[in-house]
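Good morning, and thank you for coming. I would ask you to keep the structure in view while I speak.

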Amino acid sequence: MVEQSDRAPLLDWEEIPPNELTQAVPAPAKENGSESNPPDGRYLGSTALAIGWNTSSGGPVSVTTIPSVNRSPHLDHPGQWGVPSPIHVDSRISLKERLGWEEKDQIVAVFVVTFDTRSGNMVEWCLPQDVNLDGVEFKSMASGSHRIAKDFIYFRKGCYFGLACFANMPVESELERGARMKSVGILSPSYTLLYRYMHFLENQVRHQLQCPGSYSPLEAFYEDKKAVLPPAGNGLVTACPTSAWVPAINRCMHPEMKITHPAGCMSQFIHFFGEQIMVLWKFALLRKRILIFSPPPVGVVCYRVYCCCSLANISIPGIGVSVPEFRPFFYINVADIAALATEMSYVACTTEKIFEEKKELYDVYVDNQNVKTHRDSLQPLLRLNGVDREKYRKLSEQRQLLLYTQEVDGDCTSNEEDLFILFFMEQNNRIFQTLSEVAASADPTLTAEHVRAMGLDPQADRTFLVDLLELYGIDAMLVIDNPCCP
């Protein structure tokens, strides 16, 4: 997280160095001192996994894989059919600490985007000067932003990820039509550490509004944080990292888990969607193309993109290697239509209503809290069943217990974000552990008992299971009768 100091705020961009973690599961320790959180919590790094999808290094960072977790206190079914006994996971130890990781700063570019009343959005300044920023002027200033005072945006630019802070300041200028709008942003091969610079970028966009053309702090920042990337013609990485790293980092821990989100991000996600989270969970496991629409501000919606990705994590080695990667696009606009047309699986958000008409680009459309699909084959997955509601009730109970512990015992080490991620990871592990063992048995037949052991409804989740078996290439036969058919 960003460490605030008594120095001049425009130069206050240095972050707290990450702790050196050498043990996969260190003994829980009390935090030293207390850190004040901003009211909206946006600068706070939480404890989500931070595995480096890092296009500038020769390979992944070193990690320790989490063993398969098949049951937790918030799941009633003990697991059957040879499912291994669960390991005890101390909720006071973050996922990041269990893995042990450290990622270096790698800023590929820093830029200023402005709105010109005659030319529209345009890149006003950037370093390095020859960096390809085509389209960034629209990604870093969301459509409809003229109606709000400030915002922040995560986005993708090719294989890079960006974070930009936007601000809108009234001015007495006929040339600017009474408003000056700018965004200041950065690009990086990884989105893990972008949160560290939120405070700096917010300060800088205010500075640019008040003193246009003063780029010295941005120049100093880039010189200190710029990445050393491998040569690739124009200096840009032209292809996304391949799956060659998968054996080293375990497929469950690729980019969707590594954004460091703000405190309360998952809590807001749960409150916003309620039981509909269980519907999104199934679509996420099936690697569907999910598009979230919301009017500005778009920053909080970018966090919903991350939360959706977190629903699909699996920590069983080898599972999901052949399925499309469930990748976050974060904010998109009409300039991304061509790129989205080639994607088999993604989660993204937009402020542009026109996307709802582009049904060929998505499978699931989320309009605020309304989750819908135009595909007939997916319609059954929109209906919540009793098992879904029971799972959501257990998740809510665990959250309430955690909050009670924090309030009564003053336990600041327990983490709501980890509870959320582990809850769904364990759900997913249970499903795939059972499916894998049934497929490897002498009689690869899935019965109603198997399905119940996975925490699913044998009848209501039949369509979901059939799609899951097909997508993941699991050789098992589902023999549960469908009561709707003679």
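Let me begin with the surface of the chain. Its accessible area comes to about 20,800 Å², and carbon and sulfur atoms account for 52% of that. Please bear in mind that this is a predicted model.

Turning to the interior, 56% of the chain's 486 residues are buried. The chain contains 13 helices and 12 strands. If we take the contacts between residues at least 6 apart in sequence, 72% of them join residues at least 24 apart.

I now come to a pair of helices. At what angle do α6 and α8 pack? Helix α6, residues 265-273, and helix α8, residues 299-310, pack at about 90°, and their axes are 10 Å apart. Since angles from 65 to 115 degrees count as roughly perpendicular, α6 is therefore roughly perpendicular to α8. On the α6 side, the residues in contact are C265, M266, Q268, F269, F272 and F273. On the α8 side, they are V300, Y303, R304, Y306, C307, C308 and S310. Sorted by class, this contact has 10 nonpolar residues, two polar ones and one charged one.

Thank you for your attention.

Methods: Residues are numbered from 1 along each chain as its sequence is written. This is a predicted model: local features need pLDDT of at least 70, side-chain atom pairs count only at pLDDT 80 or more; totals for chains, interfaces and linings use all residues. Side-chain values use heavy atoms; hydrogens and water are left out. Helices (H or I, at least four residues) and strands (E, at least two) are DSSP runs, numbered from the N terminus. Buried means under 20% relative accessible area, exposed over 50%, partly exposed in between (1.4 Å probe, protein chains only). Contact means heavy atoms within 4.5 Å. Accessible areas come from the Shrake-Rupley method with a 1.4 Å probe; for residues, only the protein chains shown count as cover. Axes are lines fitted to C-alpha atoms, for helices over the stretch in contact, and angles run from 0 to 180 degrees between N-to-C directions. Angles under 35 degrees count as roughly parallel, over 145 as roughly antiparallel, 65 to 115 as roughly perpendicular and the rest as oblique. Ala, Val, Leu, Ile, Met, Phe, Trp, Tyr, Cys and Pro count as nonpolar, Asp, Glu, Lys and Arg as charged, and the others, Gly among them, as polar.
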